[in-house]
Amino acid sequence: MEDLKLAAGQLFTPCPPESLEFETTESLADLEEIVGQERALEAIRFGMRIRAKGFNLYALGESGSGRHSVVEQLVRAQAADEAVPSDYCYVFNFQSPNEPRALKLPAGRGRSLKADMHQLVEELKSVVPQALESDEYRARRQEFEDVFREQQGKAFEALQSEAEAQHVRLLRTPAGFAFAPVKNGEVIDPEAYNRLPETEQQEIERTVAGLQEKLDDLIQQLPRWRREMQHAIRDLNRDVVMSVVGQLVAEIRGQYAELPEVLSYLDGIQADIVDHADQFGREEESMPMLAGMLMGEKEQSAPFMNRYQVNVLIDNGDLTGAPVVILDNPTFPNLVGAVEHQVQLGALVTDFTMVRAGALHEANGGYLILDARKLLLQPYAWEGLKRMLRSREIHTEPLGQALSLMSTVSLEPERIPLDAKVVLVGDRYLYYMLCQYDEEFNDLFKVAADFDDQMTRDPTDTRAFAGFLATFARREGIKPLDAGAVGRLVEHASRMADDSEKLSTRFGRISDIVREADFRARQAGNGAITAADVQGTIDAREFRHARIRERLLESTLRGTLMVSTTGTAVGQINGLSVMQLGDHAFGHPTRITARVRMGKGQVVDIEREVDLGGPIHSKGVMILSGYLAGRYCQDLPLTLQASLVFEQSYGGVEGDSASAAELFALLSALSGVPLKQSLAVTGSINQLGRIQPIGGVNEKIEGFFDLCSRRDGGLTGDQGVVIPAANVKHLCLKQAVVDAAGEGRFHVFAIETADQGLAVLTGLEAGELDGAGNYPAGTVNQLIETRLAAMAETAMKRSRELGES
Amino acid sequence: MSTVIRRILVALDESPHSRAALEEAAELAAGLQAELMGMFVLDADLLRLSGLPVGRETGLTSARRRALDPVSMERALRVQAETARQALEAIARRHRLQSSFLLGRGSVTAELSEAASRADIVAMGMIGHMGQAGRHLGSTTRQIRAHSHCSLLLLAPGHRPGNRVVAVCTGSADSDRGFDLAVELARRRRAELVILPCSDDPALRETLSSRVAESGVEVLIGAAPSGFDELIASVRTYAGGLLVVGQDCALIQGHDDELDRLGCPVLLAYALDSSPPTAGESD
């Protein structure tokens, strides 16, 4: 049994400061590479270099593994060497005002075009009205108006003269014109008219009717004459305005001669200004008033000149490489941009100047980093992103319009070609879910960068780990770490990985510990962070999270939760469970009991019967039946009825790490041999009786250790934990346990078989089959077999008696 | 000689000329602290026409023919009258003027002539063509000018802005009255006065010089225009905001239909003690 007991040195693998070959991290160079993520780094580098369609990245790994910072670091390094992408501007579409036009310009030229257009409009505001106020213009315009007036006047005068010659007068009525018969210079009175002879009345009727025909013709002519005058004035406006605008626009054209898109836009502007020359000078005429109050600038209706503005959607003028955009709130509009609106007198109005860029616009020609979970949580953001990646175009549209929920006319900005690499950073389960359930995912995100959460604890990686700490300390401006602190962090990283041969790569968590240790070191006035600062931090974090653990421990110490740590008992054993509360895990012993009687060969899992046991736990219990059937009385029917229960367990039980303990409780109940209550057991068992490794071994051991050491009188020297031998390499126990084990006050037994466990727990030999197929007398197995055989015989006897009767 | 202007009468109708006349008359009344009288006449000719079987109008914008009836015509004219009254009151309030509204019924010329006898100045739309002018405007203005004994302010919309008062002086009684009014208006408006003597007669110039000296306003004496076109050029050259001319001035005789070419309001002055010209003279 002593050979199963682990030495103190096996419980913890220290990292002595002297093994690190430096005094403080100050003497270490900055780490150029990312530690422990070769596979992920290779994938990211490949994903960034390849420009083919669909080769976007998904960086998957555990949270706190530094995925975000690593991805950002690599992407920024790559982007710095790439070309600065073009600017994009939205401008007014003179052919279709609802569909703003996108202009692509070399980086930095967008803002200059905006300034040039602003300057042009300012100049036009003074130059065009001046041209339209000139004597030449006024004289020519007056000429056209005079011609119209004269044409109109002469026609009416001629008609009036013709009417008067026939004793009829042309009168202006409230809505038009009418002819009235005149006698003695006055319109004939109706009574006098009625007294006229019928023939005279008929003559008047005919005269008036004839004149009215001519009046109708004349009135129908009026709009044509007016149109002719307006056309003549418009042509005059065009000539006058063209002479001033042409010169101003030509100056701007010279600056953009190599950009045909801009030249075509300038042509459009020139034609539009000429067509709308009358709008210049109106800007200041209308004083916006509402109920006698001056309206604020924003409430005014959009001035006509707005159409000549340039909305610089993307200004890459200040970039030195490709853009890297990290979008923290990936909503649909934040991704694809939005068409904003202004409230004017209760109505929502918009124009191309209110088109706002989204992250895809900003990252175009570069990289966009998104958190997968945040993206998937935003309504329609994921679908929107996929649509853009598939079409390789950015289509800015209101969400309601994208979903066809709105039928109102809104802006439909021209689509902009999309050439951005999207990097999603997310959890593994999300990646696999997307792979399985989203058919488009694999086509659009073809590169997976899988971040490992562990790395090997060898001298090379330990040095790299120290290098990471040195780089981190310098970058964050915190104190350097001495070798002791680094050693302690290496040990803690092993504990985080739950493996003495591995180091955790959850550098986010490790960084937090270093930051806190730095705080402690500064409080203590240390020049560097020491092992004591790191240990203090670990202990403090443990303490901050320990409320529930302490409550459980207290309940056990006060006897509310019944767990024996001394003496022996039949069919009763201490199992060990781990509770995971957020980031913090701790172990706690639980009493497991077993009862047996004659029955139909069933082992009943009470947890399962009441739906408190998970499937893996049930599987573990069922394996026990297999083990019993294969190990004992193979020639006799198994007539056992056994029940197993986790006492005082009111929550769910999952996992098979208690199956070994359950077996020992069952075997004790069958054999009647008492088990030592000073020991706790963890480990799963297979049908052949081999003990298999389990998770959380450190927390479990420490959980039982804490209970034993806190009981009155402290550790008795008999107490300890039985663990699978396969878990020995995972041991990274806290110093108190290691010290107690070194002093022989606490023991950790590593077992490979059920028989070894029985021997440790009962103090008796388990017993091996001899050549005749019998277990030696007095061994536990012999007692078990005897009991099972007796049960079988009794059952058979009963069966025979029943048959005879 | 008294320059006191107590009442200014404005003939109101729906035409833009009438609106322009109202605006300018209000300015003038404010300058002279006179009462603003507005008159709208329910035209007897129209009322009679609407009762005739041949009473049909052709809409100016719709070009459709409609039968007229007395009730609708009366209602339409009264609506126009009410609109005119409101416009008068609004503008009087704005200029803090005393105002009164007269509603006549009968011959427009007769009614206005009768009202003009109680006014010192009548403001009317400028003589124009039938197609663009107000109802009866051309003929009415001619009639008023021929028969009334008061000064006429003639206006058309779209006059160019100008601050100077330009007065044509011939030495006649009407011209002298015009000079007095021009001096008064220039003083009230704090405007520069431009005198255009109608001949190079040294006696006229001497008289003018002494009267100018008495006026106390800043005066610029320009060259004598020899015809209507030169008068137009002079008014433009001096950026005239108002031309004051004796109604007997030879320069404007025979140019009634062209007064709008002057580009500014025209005040045809009428001497208080002179007898009205005959219709034949005015044409």
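**Ground rules.** I note that this is a predicted model, in which local features need pLDDT of at least 70 and side-chain atom pairs count only at pLDDT 80 or more, while totals for chains, interfaces and linings use all residues. Residues are numbered from 1 along each chain as its sequence is written, with chains lettered from A and ligands numbered from 1 in the order in which they are written.

**Helix α3(A).** I looked up helix α3 of chain A, residues 109-133; helices (H or I, at least four residues) and strands (E, at least two) are DSSP runs, numbered from the N terminus. At 1.5 Å a residue its 25 residues should span 36 Å, which agrees with the 36 Å between its end C-alpha atoms, the expected span being 1.5 Å times one less than the number of residues. I also found a kink of about 30 degrees centred on Leu124(A), where the bend is the angle between axes fitted to the seven residues ending at a residue and the seven starting there. Leu124(A) is among the buried residues of α3(A), which include Leu113(A), Met117(A) and Leu120(A) (buried: 20 or more other C-beta atoms within 10 Å of its own, C-beta atoms being placed from the backbone).

**Sheet in chain A.** Next I traced an open sheet of three strands in the order β3-β2-β9, with antiparallel pairing (two strands pair if DSSP finds at least two bridges between them). β3 and β9 of chain A stand at the edges with a single partner strand each, so one side of each is left without a neighbour in the sheet. The twist averages 30 degrees from one strand to the next, with axes as lines fitted to C-alpha atoms, for helices over the stretch in contact, and angles from 0 to 180 degrees between N-to-C directions. I saw that α3(A) packs on this sheet, touching β2, β3 and β9 of chain A, and that its direction makes about 170 degrees with that of β9(A).

**Chain contact.** Finally I checked the two chains, where 24 residues of chain B are in contact with 31 residues of chain A (contact: C-beta atoms, placed from the backbone, within 7 Å). On the chain B side, α2 (44-50), β3 (56-59) and α3 (70-95) are the elements that give two or more residues. I noted that β5 of chain A (residues 176-183) pairs with β3(B) in the antiparallel sense over three bridges, and that Ala178(A) stands opposite Glu57(B).

Technical notes
A residue is buried if 20 or more other C-beta atoms lie within 10 Å of its own, exposed if 12 or fewer, and partly exposed in between; C-beta atoms are placed from the backbone.
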